[in-house]
Amino acid sequence: MSRFFSEKYKALTPYTPGEQPQDMQYVKLNTNESPFPPCEAAVAAAAEAAKKLQLYPDPDCRALTAKLAEIYGVSPAQVIVNNGSDETLNFAFMAYCDANHPAVFPDITYGFYPVFAALNGVPYEEIPLKADFTIDLPRFRGVGKTIFIANPNAPTGIALTPEEIESLLKTNPDNVVVIDEAYVDFGAQSAVGLVNKYDNLLVVQTFSKSRSMAGARIGFGIGSPALIADLNTVKYSTNPYNINRMTAAAGLACLENEEITRRNCRTVAENRAFTVAALRELGFACTDSKANFIFAKSDKIGGRALYQELKKRGVLIRHFDKERIADYIRITVGSREQMDIFLARVREILEEQV
Ligand code: PMP
């Protein structure tokens, strides 16, 4: 840290992204990326857009916004496109949280929420998940704070129903409820259908998972026109050109090929079911994940040891040191070939344990 670093940020512990190793070719199941490449049309559109890089991009992302509005059945004024859902989430912390509007989220959830809170000087409360790792809904009802819930939750993969989310919206009418649907396309139900009924709902989604575009950085928010206007005030006060030309073009082409996204999501769901069944046979406990990852605990080996053993054998998964979940590992659901390799390595490791 330099002696010039602002007092505001001195105590900040930044978010630790999953490893993006450059040393060797791993079977990479650690950051919930898609195993499938982006659709060809998206790649071609990005290449074409690159020819106009001398010009600024459209700060309103009009074409992409209009297409998203059409797909999700809302008006363009109800959509904002940002640089990954991380940026939308940060904007939501900036726009809807302060000393009088603290944030609240589960104790085990996306690790960026406490970082965004700290970055923006926002007090926050963490409500423990129940013993079965489900969200303790009664404690969120009428909590009177700005709520952030990942649905499905990360890293458990467990999802709430729209009815359960509606109970939070109804009982917190004077607070914004942010539903982070980064993983919703893999088997959970979206809350987007509630945005016209509740002016306090902001749904956040991303192209990083189901749409195979983590490297492009596109996320979007859907809510009431007034909420979207707030987020645009923040966006236009920080970086109006947050979506570059290539990303915007690739995103639009991707949306014009939604059937590819749907097919990929179905394949991931099939590979998830196959892998969960195999892990259970090997003595693992797995949560009921509706996401593109599996959260599992072995009855024979600890989470950190299993992570290390798999890494030695060229398979990268994610382990979290947080006490409550230290026995678990999180495995991104990849292609069937990747899951076969992962399971073969797990079998080898378990055999060595006895
Ligand atoms: N929300 C959740 C729950 C996530 O796990 C992630 C991925 N790390 C994000 C948001 C951010 O995704 P992105 O910025 O790539 O859209």
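I began at threonine 206, where a polar atom of the side chain lies 2.9 Å from the backbone nitrogen of serine 208. The model I am reading is a predicted one.

I placed threonine 206 in strand S7, which spans residues 201-206.

Is threonine 206 buried or exposed? I noted a relative accessible area of 4%. Threonine 206 counts as buried because this value falls under the 20% cut-off.

I then turned to the ligand. Threonine 206 and Ser208 both belong to the residues that surround the ligand, and I also listed Gly84, Ser85, Asp86, Tyr110, Asp180, Ala182, Tyr183, Lys209 and Arg217 there. Sorted by class, this shell holds 4 charged, 4 polar and 3 nonpolar residues.

Which helix gives the largest share of the shell? I found that helix H3, residues 84-96, supplies 3 residues.

A side-chain N or O atom of serine 208 lies 2.6 Å from a ligand oxygen atom. For tyrosine 183, I recorded 2.6 Å between a side-chain N or O atom and an oxygen atom of the ligand. At aspartate 86, a backbone N or O atom is 3.1 Å from an oxygen atom of the ligand.

How much of the ligand does the protein bury? I noted that the ligand alone exposes 400 Å², of which the protein buries 91%.

Finally, I located the ligand in the largest pocket.

How values were computed:
Residues are numbered from 1 along each chain as its sequence is written. This is a predicted model: local features need pLDDT of at least 70, side-chain atom pairs count only at pLDDT 80 or more; totals for chains, interfaces and linings use all residues. Side-chain values use heavy atoms; hydrogens and water are left out. A residue is near a molecule or strand if one of its heavy atoms lies within 4 Å of it. A polar contact is a pair of N or O atoms within 3.5 Å; within protein, one must be able to donate a hydrogen and the other to accept it, and residues adjacent in sequence count only if both atoms are side-chain atoms. Accessible areas come from the Shrake-Rupley method with a 1.4 Å probe; for residues, only the protein chains shown count as cover. On a 1 Å grid over the protein atoms alone, a cavity is a set of points where a 1.4 Å probe fits but cannot get out, and a pocket is an open set with protein on both sides within 12 Å along at least five of seven lines; lining residues have an atom within 4 Å of a point. A molecule sits in a cavity or pocket if more than half of its atoms lie within 2 Å of its grid points. Helices (H or I, at least four residues) and strands (E, at least two) are DSSP runs, numbered from the N terminus. Ala, Val, Leu, Ile, Met, Phe, Trp, Tyr, Cys and Pro count as nonpolar, Asp, Glu, Lys and Arg as charged, and the others, Gly among them, as polar. Buried means under 20% relative accessible area, exposed over 50%, partly exposed in between (1.4 Å probe, protein chains only).
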